[in-house]
Amino acid sequence: MKAIRILFVASLLAATLSCAERKPSTVGASSEVERRVDQLLSRMTLAEKIGQMNQVSAGGEVANYADALRKGQIGSILNEVDPVKVNEFQRICVEESRLGIPLLVGRDVIHGFHTVFPIPLGLASTFDPALVEEGARVAAVEATGQGVRWTFSPMLDIARDPRWGRIAEGSGEDTWLDARMAEAMVRGYQGDLSDATAMAACIKHFAGYGAAEGGRDYNSTFLTERQLRNVYLPPFEAAVKAGALTLMTSFNDNDGVPSTGNVFLVKDILRGEWGFDGLVVTDWNSMGEMIDHGFGTDRKDVARKSLEAGVDMDMMTYGYLSHLEELVHSGAVKESDIDQAVRNILRVKILLGLFENPYVDVEAGRAVQYAPEHLAAAQKTAEESAILLKNDGVLPLKADAVRNILVTGPMADAPHEQLGTWAFDGQAAHTVTPLKALQERFPGKVTYVQGLKNSRSRRERFDDVVAAARRADVVLVFLGEEAILSGEAHSLADLNLKGAQSDLLAALQAAGKPVVATVMAGRPLTIERDLPHCGALLYAFHPGTMGGPALVNLLFGDVNPSGKTPVTFLRTVGQAPLYYSHHMTGRPYNGETLLDEIPEEAGQTSLGNTSYYLDYGAYPLFPFGFGLSYTTFAYSGIALDREAYGTEDTVQVTFTLTNTGACAGTEVAQVYVRDLVGSITRPVKELKHFERVALEPGESRTLTVGIPVADLAFVGLDGVKKVEPGEFQLWVSGDSASGKPVSFEVK
Ligand code: BGC
């Protein structure tokens, strides 16, 4: 009796201790949630636990899955968006499986569900996290309305090579911008977890996937730990702090280790350092693909490696389902590791309220699809996302002056294409193209000649469209690339406008009328050769369902462009990767001698020894953070509150922004910082703050923004993330390549 008492007290003590020691839950689980998780876990057989760790793709009839669901062999289904089927899946799980554990239904809701928003690269070009959050909320309301409670978004892969097709799916090249977008999307998708419209976010692809060698998708990466920690991981950490419920491992191997089996990334950094207690899922068959990588002998081997790395759920390899049980019995894996994985899965299901309310209200869900306020949000986002790259004064067009508008180009009326990559659920029939929007606004005044069937079409003569251009008073040409040319596994080695698009543009210009080009694409294309052939160029990425009206509003000045480049625009693809926050070489660029200036008898060193291309120089076409407006802005009076700061202080930057033009407009003011000397070399500039400022013509506003010195921390030579005291420079400007720095010191 006494022995039992001692045991009881000891276990109580242990329980109290483990409670006290437990790190705060990153996903916001309370001790009550933990109690429910443990209680359920204690009732599960090994087979039922393993079933929770298995995710399969739906396809076909519910009956195909009924047996496995009843036996508890499926923890999650992806790609089922028919709410009636979702409810039937849930009913089988809840009513007919032994423990009644509901399913987690996942889907790639990447930039909207039915109402499609601009592609994520376009979302980033708004520099407007609040608006992006609102868009993610809209996506969640629509997707959960059809039973999807988990999206595989946001993609947080830093991408500095526009050949990589998946650059479309992320926020571009910058760590700070990516992190802010990450937080916004996580907050937007998840909303209030107690609500039936909460959709779990899945931050992906962990990690480094965007650095694929040569921009070829799925390729190896060779990122050092320091680069990972300073450039590629901070957006993930920010998203974890924002409460992201789930994370996906990436396809790539970094320095020889595929992410799905990467103990250092998943177990040590994600779980250990960041304390992430959400659900980690593999990418589609990325467990199985570790065999192709040559990182495992067979499915059993890679299943074990994935579990050891801390991966909870297997998307489509069936490695856990087929092998974990025998791996436990042979002693090769510990059941406690399986318990840990199942805890992470159940925790998310409980937090989403799936046990209380597994079903979706089919009628109510239908009613919210394409709701007017959703379309309005999508339109506003498309308006903020378009970037004005050139304007010789032709824009904005005057609505009351146009009598005959020629609309042409392969993207003018391509509803499916303007939705961009990963728009599974957006429907062409609901999409408003620029042609449709123009015809609606200017009945009888629009002539449409397609010009080219699609972006890849080749054609030598453009007689019909040129004749139409001669008759028009303005030519609106919509160029770019179809949705299929970017996204997963759609990398390109040449980034010029495809097919005969550049020829079409040149032919239109020769007709002598004002030509305005709009480019819709999944990446920053190399458009240098096209710029001289148009009076103005608006870059819209793929703008989504409401792209048409948004672009028309921009072209006619109802809305003033305010988007900024979230990624450097290259002059030629051979410059890739080229990004603003590079490190300084020991022979910094200081002028150039280009090919046609090279003297006949030039010797090896006569051109100077600095870093640039002999044929293309050192600079991109447009720097990061760049975008014009119909008005102009001036920065003045940039001053800091002190000359020196401690590491705990905040730098207060004051500046005055003036709208120096003739119309109202919004500027994205950007603050960049350079750490002049470190224990390692540092980027020449890093974005540390941005802010959209709306100003009436002639209006000046003095703003003060705080830059916490802690935000200047980085992982230096000793591997520890901290601020290194010394001299710093700070810019406030409208893009990453302009402005004069002010200096400060950190002591
Ligand atoms: C992609 C992921 C996606 C998954 C599920 C994979 O091919 O890499 O981003 O979430 O498929 O559709």
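Predicted model: local features only at pLDDT ≥ 70, side-chain atom pairs only at ≥ 80, totals over all residues.

Visitor: Which residues of helix 19 are called buried?

Guide: In helix 19 (residues 463-471), they are Val465, Val466, Ala468 and Ala469. The term requires under 20% relative accessible area.

Visitor: What puts these residues on the same side of helix 19?

Guide: They cover an arc of only 160 degrees around the axis, and therefore lie on the same side of helix 19. The face turned away from that buried side carries Arg470 and Arg471, which are exposed; that word requires over 50%.

Visitor: What covers the buried residues of helix 19?

Guide: The cover includes strand 12 (405-408), strand 13 (446-449), strand 14 (474-480) and helix 20 (501-510).

Visitor: Which residues touch the most other members of the largest nonpolar core?

Guide: Among its 149 residues, these are Phe206, Ile338 and Phe478. Beyond its neighbours within four places in sequence, Phe478 has contacts that include Val407, Met411, Leu438, Met520 and Leu555. Another core, of 50 residues, lies apart from the largest one and has Leu406 and Ile527 among its members.

Visitor: Why do strand 5 and strand 9 stand at the edges of their sheet?

Guide: The open sheet has three strands in the order 5-6-9, with parallel pairing. Strand 5 (202-206) and strand 9 (279-281) each have a single partner strand, so one side of each is left without a neighbour in the sheet.

Visitor: How many bridges join strand 6 to strand 9?

Guide: Three bridges join strand 6 (residues 246-249) to strand 9; pairing requires at least two, so the two strands pair. Met248 stands opposite Val281 in strand 9.

Key. Residues numbered from 1 in each chain as written. Heavy atoms only, no water. Buried < 20%, exposed > 50% of the residue type's maximum accessible area, 1.4 Å probe, protein only. Helix = DSSP H or I, 4+ residues; strand = E, 2+ residues; numbered from the N terminus. Arc of directions from axis to C-beta. Contact = heavy atoms within 4.5 Å. Core = buried A, V, L, I, M, F, W, Y, C linked by side-chain atoms within 4.5 Å.
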